[in-house]
Amino acid sequence: MKFSEQWLRGWVNPQVSRDELVARLSMAGLEVDSVTPAAGQFSGIVVGEILATEQHPDADKLRVCQVSNGQETFQVVCGAPNARPGIKIPFAMIGAELPGDFKIKKAKLRGVESFGMLCSAAELQISEENDGLLELAIDAPVGEDIRQYLSLDDASIEIGLTPNRGDCLSIAGLARDVSALYDVPVTRPLVPAVAPAHDEVRPV
């Protein structure tokens, strides 16, 4: 059984750390097999918008992009094939730190200055996709921290359930157990009713 920590906390939220929650679940007989962070450790990356692009004067596969962070516009040299005006992408500004302790600094690529880096999903360790920039929703708020926007301060938790614990094959069942372990209430998310789209009635 795999579930998101934040999904579980949306149902029941004991005021304990992730490590303590995982240890308590295992001690209660719901043995945790793995805990996988939703993304790598990084900071200083925001939602950016590419305003304009032009071909690099000295490199066929590079483009010079004008990127907004909501307050300023920066020149960034990028080699991603999908870099184009109008898309929103993760923008690592100067001073940002990517997974692997890689710090972003002002650079010069084939004679053109670059003030930051545009990121793929693989570079943020969100997934293994590395064939271009991670394109965000068109309504993504420019300038917002990417960890907050994509809810990346989360983890996938996998539990090895025994045959007698079929009641925990749902997030509701897990929430009931956590509620009992910590004596905190379960809060079921409100799911609005879906109005019918037509009034056709079929005989059964």
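A: Arg165 counts as buried, because its relative accessible area is 17%. Buried means under 20% relative accessible area, exposed means over 50%, and partly exposed is in between, using a 1.4 Å probe and protein chains only. This is a predicted model: local features need pLDDT of at least 70, side-chain atom pairs count only at pLDDT 80 or more, and totals for chains, interfaces and linings use all residues. Residues are numbered from 1 along each chain as its sequence is written, and side-chain values use heavy atoms, with hydrogens and water left out.

The partner of Arg165 is Asp167; their salt bridge spans 2.9 Å, N to O. A salt bridge here is a side-chain nitrogen of Lys or Arg within 4 Å of a carboxyl oxygen of Asp or Glu. Side chains of opposite charge can pair when their charged atoms come close. Asp167 is partly exposed, because its relative accessibility is 34%.

The whole structure holds 9 salt bridges. Take Glu200 and Arg202. Their closest N and O atoms are 3.2 Å apart. Arg202 is exposed at 65% relative accessibility, while Glu200 is partly exposed at 47%.

Salt bridges can also share partners. Glu5, Arg9 and Arg18 are joined this way into one network. Within it, Glu5 bridges to Arg9, with the closest N and O atoms 2.9 Å apart. Both residues are buried. Both also sit in helix α1 (residues 5-11), 4 residues apart, about one turn of the helix. A helix is a DSSP run of H or I with at least four residues, numbered from the N terminus.

Definitions and conventions
Helices (H or I, at least four residues) and strands (E, at least two) are DSSP runs, numbered from the N terminus.
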